[in-house]
Every structure is written in C-alpha cells, then in structure tokens.
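Visitor: Please take me through one part closely: the charged side chains and how they pair.

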Amino acid sequence: MASSLEETLQRVPKMVVFDLDYTLWPFWVDTHVNPPFHKNSAGKVVDYRGSVIKHYPDTPKVLKYLQDKNIAICVASRTGETDGAEQLIQLFGWNKYFQNKQIYPGSKDTHINKISKKCNVKLEDMIFFDDEQRNIVDLERLGVVSILVKNGMTMQVLMNGLKKFSDIRSNV
C-alpha cells in the first residue's frame, strides 16, 4: 500500500504533528481513563483501576514509518491531564519518536508555533493530524496542511495526508 503511493509523492513534510486524544489513542486522557498508568504483570498498560489502555492499532506502525523516513514527529495536545498523557507516551514506548511535545491546555496555534520555533521547522513544512475540526481550521489558517482524523490514525490516513501535503506543496 505505502510503496505505490510513496512513488507519487513529489514532496514530503519535514515534520508531522499529531494530536493525542482520538488521534493516536481512542479516548480523552483527562476524562475516559483513570491515571496514573502503569504496566501490569502481563506487560499491559493499565490505569489505576486495572483497565487495559490501548492505542489505535496502526499508531506504532505510523510512528515507525515516519521515523524510518527521517520525518520529524511532534505532539500537540490541549489536554489538562499532562502527566497522564506523558505517562502513556512513555509506557507505550513512543518517546523515542517525538522530537518535541506540547501537552497542556490552550490553543493549537500556540502549540504549533512553539514546535516550529523549538524545532526550527517552518509551518509550511509541517502536516498536522487531529480529530477536531476547529483545530484543523485554526492551523490551516496558519498555513499548516491539516488532516481531520475521523476514526483514529491508520497507515491509510497517513498516506492520504502525505499525498495531500505533496499535492499542495508541489504546486507552490
């Protein structure tokens, strides 16, 4: 799947920025699960009640794919449950993928501008994935190619997003 679409990409982003809730995992970390999190004796990530916490199935593949392509990866999340989000990222083994994480309440504009400055990547060289239309609208207004994630991150959503980025940025 990826290779045939890859061949049509004329331009790829320098950075991919992901939201967390309902983008990389299927819940709101501040309301649907119960931090603190840890791994149980079976190696499963669980909340303090012992409920197993899972990310979307393709998320690790998506992150590994981008890392293998030397595309920087960052997180922009407006959750108030910063400690819980950080714990899950660590327990899922994802810290190795993220160049920068902006996890705190507030505007995605602020998140993305901080990422841009800290990582020295221009907004037009980024693509952003989020499940909320308002965030897509806000970041498109800033010139960031933005993709609405309707049912969680998948390789197909990623490849379609990269194709959209290539189509838009190759015509500039």
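Guide: Start with arginine 134 and glutamate 132. They form a salt bridge, with the closest N and O atoms 2.7 Å apart. A salt bridge here is a side-chain nitrogen of Lys or Arg within 4 Å of a carboxyl oxygen of Asp or Glu. This is a predicted model: local features need pLDDT of at least 70, side-chain atom pairs count only at pLDDT 80 or more, and totals for chains, interfaces and linings use all residues. Residues are numbered from 1 along each chain as its sequence is written, and side-chain values use heavy atoms, leaving out hydrogens and water.

Both partners are partly exposed: arginine 134 has a relative accessible area of 47%, and glutamate 132 has 24% relative accessibility. Buried means under 20% relative accessible area, exposed over 50%, and partly exposed in between (1.4 Å probe, protein chains only).

Next, helix H5, residues 133-141. Aspartate 138 and arginine 141 both lie in it, three residues apart, about one turn of the helix. Helices (H or I, at least four residues) and strands (E, at least two) are DSSP runs, numbered from the N terminus. The side chains of aspartate 138 and arginine 141 meet in a salt bridge of 3.5 Å, N to O. Arginine 141 is exposed, at 61% relative accessibility. Elsewhere, salt bridges with shared partners join Arg11, Lys14 and Asp125 into one network.

Look inside that network. Aspartate 125 and arginine 11 meet through their side chains at 3.1 Å, N to O. Aspartate 125 sits in the loop between helix H4 (108-119) and strand E6 (126-130), and arginine 11 in the loop between helix H1 (2-6) and strand E1 (15-18), so the pair ties together parts that are 114 residues apart in sequence. Aspartate 125 is buried, at 8% relative accessible area. Arginine 11 is partly exposed, at 32%.

Now a charge without a partner. Aspartate 47 is buried yet has no salt bridge; arginine 49, the nearest side chain of opposite charge, is 5.9 Å away. Aspartate 47 lies in the loop between E3 and helix H2 (59-68). Its contacts (heavy atoms within 4.5 Å), leaving aside neighbours within four places in sequence, are Val33, Asn34, Pro36, Phe37, His38 and Ile53.

Finally, the totals. The structure holds 11 salt bridges. The chain has 23 positive and 20 negative side chains, and the centres of the two sets lie 3 Å apart. Lys and Arg count as positive, Asp and Glu as negative; His and the chain ends are not counted. Each charge is placed at NZ of Lys, CZ of Arg, CG of Asp or CD of Glu.
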